Amino acid sequence: MMSKKLWGGRFQAETDQLVDEFGASIGFDQLMAEEDLLGSLAHVKMLGKTGILSTTEVEQITAGLHDLQRDLAAGKLQFSTANEDIHMNLEALLTERIGPVAGKLHTARSRNDQVATDFHLYVKRRLPQVLNAIKQLQTVLLQLASENVETVMPGYTHLQHAQPISLAQSFLAYFNMLQRDYERFEFNQKHTDLLPLGSAALAGTTFPIDREFTAHELGFQAVYSNSLDAVSDRDFALEFLSNASMLMMHLSRFCEELSLWVSQEFNFVELSDAYTTGSSIMPQKKNPDMVELIRGKIGRVYGHLMGLLTTMKGLPLAYNKDLQEDKEGVFDTVHTILPTLKIFTGMLKTMKINQEQMYASTENDYSNATELADYLANKGMPFREAHGIVGQLVFKGIQEHRNLQDMSLDELQAASPLIEADVYHELQPKVAVERRNSLGGTGFQSIKQQIKQAQLLLQKEA
């Protein structure tokens, strides 16, 4: 008794049920149903244009595919594990509706180039969504930067107070990280915008197909120039996962800062109730759960990248069943990064900034120590010598629980006669920030220039 599978011509027995279930991908690749139908519509149109199928056959198949599109949109299609994947499920459904002529749709193509095409289309159609979501978050960051040019806060290295900075400088730092993410996803489009269809199983086809026509119909910029590469390439998916991993890494870094900033010890910002949760036992709690959840989700995105890299590592040309493992990670990553970006955007847009608390935290530390060292260097003292003198003054202040600006002029001059009364002006945190106008620095004029540059980037992306 011959196998009932669409590919079962040479098989005399049915596959084991567990094998069917283990090998089936319909549980997840049904997410590409829309892309599969779009690919089939373009393919059958090309088969008609080249005379491979008759006008009547093309019309019958096209009508059946449109019928499936309508039912898919209405949620009426039922898929079966017995038909393994989305391609064979849709072919079986098409056959039920229009009869044996549905089998002619698979002329001059294989599931190998079909699945690669669907996957390219899936990623190609989601990349603009990711780019737009990044841009929306950048827009909020730029607005926050514009509103906080003169908001002074501690700058940190090693999580220790280092030098006072403009809060806008911090927002712009993340803007720039996201800009690099944007550019990486933008470049990702180049390698995604290649059509595999027409490569058939691995060697091309003897039918007189027109791959450029199909590419135009599906909106692809070019076709793969090598059929072996076309059916086995997943670089575009790896690039997507790599880009997503870097994006999530940047957002996770920001989440780490926010988790500190909202703590009672810092109290730099307060998140809206819409983006926080409470405790089931402690009534006073306002937990930054979205911050923590975003930070936590980076693990699954990293995992998907490593998973696909590992899958691809040992694959010979051309298509191998291992490649069935290429999609779930990408699907999950899309469903992770898009809501993450949207939540982050809303969270920052509704965040309250405690400007006074930020400034106060720069007045009770030694983050102005570099100002005093620079002050002495500007008077002609070698910086390394100035560094040593100021270090001794900091040590004295720590022992006596006093800040540099609290020391008398006599005390400061005992350390160096170069110090004069104007030093107190330069030791003010706001002055320390305002003066740092080197290119890219945290000075107010520098920040305003950075904001202008960021605005130009957003306009360019529009």
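# Exercises on a predicted model

Asp365 is buried but takes part in no salt bridge, and the nearest side chain of opposite charge, Arg436, is 13 Å away. The structure is a predicted model.

**Exercise 1.** Find where Asp365 is placed in the chain and which side chains it joins by polar contacts.

*Solution.*
Step 1. Asp365 belongs to the loop between α13 (355-360) and α14 (369-378).
Step 2. A salt bridge needs a side-chain nitrogen of Lys or Arg within 4 Å of a carboxyl oxygen of Asp or Glu. For Asp365, the nearest side chain of opposite charge is Arg436, 13 Å away.
Step 3. The side chain of Asp365 has a polar contact of 2.5 Å with that of His161. Another polar contact, of 3.0 Å, joins the side chains of Asp365 and Ser367.
Step 4. Apart from neighbours within four places in sequence, Asp365 is in contact with His161 and Asn403.

**Exercise 2.** Describe how helices α3 and α6 pack.

*Solution.*
Step 1. Two packed helices are described by the angle between their axes and the distance between the axes.
Step 2. For α3 (residues 33-49) and α6 (residues 111-147), the angle is about 115° and the axes are 9 Å apart.
Step 3. The crossing of α3 and α6 is right-handed.
Step 4. Residues that meet here include Glu34, Leu38 and Gly39 in α3, and Leu121, Tyr122 and Arg125 in α6.

**Exercise 3.** Examine helix α8: which residues are buried, and what is found at its ends?

*Solution.*
Step 1. Helix α8 covers residues 211-218, and its buried residues are Arg211, Phe213, Thr214, Ala215 and Leu218.
Step 2. These buried residues pack against α3, α6, β3 (194-195) and β4 (222-223).
Step 3. The N-terminal end of α8 is capped by Asp210, with a side-chain oxygen 3.3 Å from the backbone nitrogen of Glu212.
Step 4. Just after α8, Gly219 has a positive phi of about 80°.

**Exercise 4.** Locate the salt bridge between Arg300 and Asp332 and decide whether each residue is buried or partly exposed.

*Solution.*
Step 1. In the salt bridge of Arg300 with Asp332, the closest N and O atoms are 2.8 Å apart.
Step 2. This pair links distant parts of the chain: Arg300 lies in α11 (residues 289-313) and Asp332 in α12 (residues 328-349), 32 residues apart.
Step 3. Buried means under 20% relative accessible area. Asp332 has 19% relative accessibility, so Asp332 counts as buried.
Step 4. Arg300 has 38% relative accessibility and therefore counts as partly exposed.

How values were computed. Residues are numbered from 1 along each chain as its sequence is written. This is a predicted model: local features need pLDDT of at least 70, side-chain atom pairs count only at pLDDT 80 or more; totals for chains, interfaces and linings use all residues. Side-chain values use heavy atoms; hydrogens and water are left out. Helices (H or I, at least four residues) and strands (E, at least two) are DSSP runs, numbered from the N terminus. Buried means under 20% relative accessible area, exposed over 50%, partly exposed in between (1.4 Å probe, protein chains only). Lys and Arg count as positive and Asp and Glu as negative; His and the chain ends are not counted. A polar contact is a pair of N or O atoms within 3.5 Å; within protein, one must be able to donate a hydrogen and the other to accept it, and residues adjacent in sequence count only if both atoms are side-chain atoms. Contact means heavy atoms within 4.5 Å. Axes are lines fitted to C-alpha atoms, for helices over the stretch in contact, and angles run from 0 to 180 degrees between N-to-C directions. A crossing is left-handed if the near helix is turned anticlockwise from the far one by less than a right angle, and right-handed if clockwise.
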